[in-house]
Amino acid sequence: MSLRAKVWEYFILFTAAVLVMLWFFQIVSVGNFYENMKIKDVKNAAHEIIENCTNEGFSTSLTKLAISNDMCIDIVDKYGRVMYTKDILGKSCLIHSPKSNTNDFLYKFKSNDTKEMYYKEFNDFTNCNMLIYMSVIGTKESPQGYIIINSPLVPIDATAAIFKKQLIIISAFLLILSLVVSYFMAKKIAEPIAKLTKSAEQMAAGNYDIQFDAKGYAEIQRLSNTLTFAGKQISKVDTMQRDLIANVSHDLRTPLTMLKAYAEMIRDLSGDNPAKRNEHLEIIINETDRLALLVSDMLDLSKLERGDQKLNYSEFNIKELLEDITARYKGLSDKQEYDITFEADEDVIVNCDVIKIQQVIYNLINNAVNYTGDDKKVIVRQINRQNDVRIEVSDTGEGISSDKIKLIFEKYYRSENHKREVVGTGLGLSIVKAILKKHGYNFGVFSKLGEGSTFWFEIRDLKTNEEPPQLPEKPPKRYFGKKNENKNNQ
Ligand code: ADP
């Protein structure tokens with residue numbers, strides 16, 4: 001069912017409900033309603049009389065009461081003697097009609113043995129019902145007097161008939177009005193939705209930059225803005241996905257082409273020449289390692305970016321961790337004469353995910369080693385500060401220009417114009433960024449062209465005066481060194 005039809009249906013139902021209520025109150029129950037009102041009026045008048053009967057000027061107020069309520073009233077003492085009588089109905093009053101008198105009613109009331117009573121009686125003279133009300137003044141056991149009230153129940157059939165005619169006109173008018181209003185309302189509600197649907201269809205067809213501009217009411221405007229935002233986000237993800245696929249396929253294709261080419265060379269040319277064959281096999285091994293590195297980096301990053309990976313917080317001595325890592329690098333780099341120094345302040349216990357922070361340090365030192373200058377110097381610093389520990393990894397390489405600094409933490413960004421050709425995937429710093437962001441730590445880089453770069457981050461979660469726990473054993477994951485130098489691999 002379309003929205004228009006639904007709105008129309010609800011509107012008609014609502015109008016029908018209103019009409020049913022109107023008909024019920026105006027036609028069906030109007031008689032009962034009138035009678036109940038009359039009884040209430042008479043009772044109120046009786047209470048007023050009881051309250052004021054000792055007041056001065058009571059007779060005048062009784063007359064006013066009788067006139068304003070269209071009643072004839074008799075007040076008698078406990079012996080049945082009439083004290084006051086107000087007859088504004090004349091012959092139509094049953095109390096004073098030729099057929100009955102005050103005492104007849106009093107007798108009826110006394111024989112009923114109640115404090116008050118009322119009933120309807122048909123009046124032949126006026127041809128309509130009369131409401132007779134009687135009540136004791138004082139208590140039932142020791143009455144001081146009695147009130148007898150007589151008030152006509154005017155037949156309301158004629159009035160009801162007028163109402164009925166009016167209601168027929170009102171009903172017809174209301175139905176037509178509801179049809180017209182519901183038509184315009186449905187139009188007002190449905191039009192922006194139809195507009196949104198059109199734009200959404202375009203978005204589904206791949207046009208993510210579409211602007212949703214349905215207006216009319218707050219909800220639709222909010223939906224419009226949300227969809228425009230969603231479109232932009234999807235567009236970003238789409239571009240990222242395309243870039244990712246392009247980068248990944250490019251990165252995978254290069255080593256695969258190399259693998260194929262060198263395997264063919266061994267088969268066709270160098271198979272019988274052990275020196276050449278080994279050289280080619282070496283390249284095949286290097287390229288395989290590169291592929292493995294790329295795949296493992298991609299997995300690491302996607303796990304981090306998925307967001308469902310929890311950090312495994314533990315307390316450890318950061319100085320010990322840094323010493324441990326730099327010692328490993330020293331062992332590895334001795335053959336290549338790398339000069340890795342570690343400058344540290346005192347021991348400090350931090351509370352973070354040790355495996356992940358270890359990966360950050362490895363990635364930064366790997367890069368420093370890979371991109372440092374000809375003096376092959378790398379300095380790792382641990383600087384204790386009041387609220388955090390700052391870790392710095394500096395090199396003496398060619399540095400990074402300010403326009404590239406913004407890009408280096410992006411996924412798959414690699415600057416190829418370095419002096420040495422370096423093994424890498426362009427994911428190392430993205431992993432660093434993801435880990436540090438997950439921890440909520442500040443990080444950054446400052447670099448001067450021709451002088452080198454310093455990458456830094458600050459661990460805020462400090463713990464002091466506690467026994468440092470044992471560090472977990474984890475070998476460095478990434479490579480460093482020149483391309484095709486298999487021996488540097490870890
Ligand atoms: P990879 O090192 O695998 O290429 P990274 O994400 O670790 O990927 O680094 C991205 C880019 O940032 C590198 O290609 C390089 O151009 C630049 N870079 C990273 N570290 C340094 C550094 N210490 N000195 C100069 N350039 C660097």
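Me: Is cysteine 352 buried or exposed?

Reply: Buried means under 20% relative accessible area, exposed over 50%, and partly exposed in between, with a 1.4 Å probe and protein chains only. Cysteine 352 has a relative accessible area of 0%, so this residue is buried. The model is a predicted one, in which local features need pLDDT of at least 70 and side-chain atom pairs count only at pLDDT 80 or more, while totals for chains, interfaces and linings use all residues. Residues are numbered from 1 along each chain as its sequence is written, and side-chain values use heavy atoms, leaving out hydrogens and water.

Me: How many disulfides does a search of the whole structure find?

Reply: A disulfide is a covalent bond between the sulfur atoms of two cysteines; here the criterion is a pair of cysteine sulfur atoms within 2.5 Å. The search finds 1 disulfide. Cysteine 72 and cysteine 93 form it, with sulfur atoms 2.0 Å apart. Cysteine 72 lies in strand β1 (residues 72-77) and cysteine 93 in the loop between β2 (82-87) and α4 (102-112), so the pair ties together parts 21 residues apart in sequence. Helices (H or I, at least four residues) and strands (E, at least two) are DSSP runs, numbered from the N terminus. Both cysteine 72 and cysteine 93 are buried. The torsion about their S-S bond is about 45°, so the disulfide is right-handed.
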